[in-house]
Amino acid sequence: MAVPLNIFIAGGAGFIGRHLVKALLARGHEVYGLAKDRMRGKVLEELGCRSIIGNLLTNGPWERAIEKFDVAIGCTMPGRRGQPPTMKQVPDLLKSHTDACSNLILAVHEGMLKGLILTLGVLSYGDHGEEWVDEDTPREPIGYGRFSGPAVHTLAHLAESKRVKATFMFPGWAYGNGSWFKDMLLPAFEQGQARVVGSGENYMSFVHVEDLAEAYVLAVEEIGYSPPPEERPVPQMFNLVDDQPTTQKEWLSVVARALAKPTPPSISVAESVQQAGELWTESVTCSLRVKNERAKSMLGWTLKYPTVHAGVPVAVGAIRKER
Ligand SMILES: NC(=O)c1ccc[n+]([C@@H]2O[C@H](COP(=O)([O-])OP(=O)(O)OC[C@H]3O[C@@H](n4cnc5c(N)ncnc54)[C@H](OP(=O)(O)O)[C@@H]3O)[C@@H](O)[C@H]2O)c1
């Protein structure tokens, strides 16, 4: 391999972040993670990366420390860890996420890094029914897209005006060993509480978290090993989803099969709002059929798990093995 890259990651102790750290280390790169406190720093160190204590929302030594890196990654989630966000919190979460990403862009600019990757999500496109969605589709964010989607253009403009080479990632529902899949969906199946919300005919776009991490590695290397751009770099956007969007109903039946459980019954949208909140309900009923061609052709991304049929049994197996 070429000379290892020095990579800074904010959100490295999170669900996606942990998989990114592992994949980058496995490729031989040097990885430093930003941790909000020493305890979270330990999580990073256990993964094999070094930690820098700091918070993207506050000034601190992290801003100077960033100078020694080639590429920075932002993979943060606003709000409190372990507390599902609510619709009422959306304005604050949007502000906090936009500020965190803006501060990272400015630090990358000051530190003269080769570039940066930021993480948003496909829900920032909003509901598009049966229509296929690519990176040029207009955005009308809903659900969890509400606290990152409205900032896409502001952040892209900031990066471009500061001549920062920026890549914006739009992952689909990322499933694997952790987060909502492990801590919410699987226990709901085990307790007989999993439900199809509404008709279940809406499309959802998923990605196995290990495939997601692979796309970031390719993007990091594209930024890190490219010669400095002669012209003002235009921000790049990539949808990171598998090859086959699936309906909510089909998705839950695939998970049910992998767990040897019955396919869950349905509840109405109104019941779901009452039980799980408006933001979650909007997210799971949003119809999104997302294309991944750009990431495949421009990053050379290939998927180990091109469909949920291939990925879900593996994800369930990994979780069971750990228990
Ligand atoms: N999970 C999915 O299915 C999915 C799908 C599409 C898009 N996304 C997007 O991907 C991003 C990461 O998601 P995730 O599921 O990995 O989230 P997560 O597990 O909640 O992890 C988020 C990480 O960000 C860190 N963080 C938050 N605010 C920070 C700040 N101001 N400064 C430094 N670190 C900060 C947290 O630190 P602590 O560890 O100290 O709490 C945590 O490690 C989010 O923007 C999310 O919207 C996720």
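This note walks through a predicted model, from its core to a few loop residues.

1. Ground rules. Local features are described only where pLDDT is at least 70, and side-chain atom pairs count only at pLDDT 80 or more, while totals for chains, interfaces and linings use all residues. Residue numbers start from 1 along each chain as its sequence is written. Helices (H or I, at least four residues) and strands (E, at least two) are DSSP runs, numbered from the N terminus.

2. The core. The largest nonpolar core holds 92 residues. Ile7, Ile9, Leu20, Val71, Ala72, Leu116 and Tyr216 touch the most other members. Helix 7 (residues 209-225) gives the most to this core, 8 residues. A nonpolar core here is a set of buried Ala, Val, Leu, Ile, Met, Phe, Trp, Tyr and Cys residues joined through C-beta atoms within 7 Å. Buried means 20 or more other C-beta atoms within 10 Å of the residue's own; exposed means 12 or fewer; partly exposed lies in between; C-beta atoms are placed from the backbone.

3. Strand 4 (residues 71-74). Both faces are covered. Val71 and Ile73 are buried on one side, Ala72 and Gly74 on the other. In a regular strand, side chains alternate between the two faces of the sheet.

4. Partners of strand 4. Strand 1 (residues 6-10) pairs with strand 4 in the parallel sense, over 4 bridges. Pairing requires at least two DSSP bridges between the strands. Ala10 stands opposite Gly74. Strand 5 (residues 115-119) also runs parallel to strand 4, joined by 4 bridges. There, Ile73 stands opposite Ile117.

5. The crossover. Strand 4, helix 4 (residues 90-110) and strand 5 make a right-handed β-α-β unit. Right-handed means that, with the strands pointing away from the viewer, the path from the first strand over the helix to the second runs clockwise.

6. Leu116. What does leucine 116 contact, beyond its neighbours within four places in sequence? The list is Val71, Ala72, Gly74, Leu104, Ile105, Val108, Val164 and Ala166. Contact means C-beta atoms, placed from the backbone, within 7 Å.

7. Helix 8 (residues 248-259). Its 12 residues should span 16 Å at 1.5 Å a residue, and the end C-alpha atoms are 17 Å apart, which agrees. The expected span is 1.5 Å times one less than the number of residues. Gln248, Trp251, Leu252, Val254, Val255 and Ala258 are buried. They cover an arc of only 155° around the axis, so they lie on the same side of helix 8. The arc is that of the directions from the helix axis to the C-beta atoms. Elements covering these buried residues include helix 6 (179-190), strand 13 (246-247) and helix 12 (308-322).

8. Ala260. Alanine 260 follows helix 8. Its place is in the loop between helix 8 and strand 14 (266-267). Ala260 is exposed because 8 other C-beta atoms lie within 10 Å.

9. Arg163. This arginine sits in the loop between helix 5 and strand 7. Arg163 has a positive phi of about 60°, although it is not a glycine. It counts as partly exposed because it has 14 C-beta neighbours inside 10 Å.

10. Lys165. Is lysine 165 buried or exposed? It counts as buried, with 23 C-beta neighbours inside 10 Å. Its place is in the loop between helix 5 (152-161) and strand 7 (166-171). Not counting residues up to four places away in sequence, Lys165 touches Lys114, Gly115, Ile223, Pro229 and Pro233. Lys165 and Pro235 are 70 residues apart in sequence, yet 6.4 Å apart in space, C-alpha to C-alpha.

How values were computed:
Contact = placed C-beta atoms within 7 Å.
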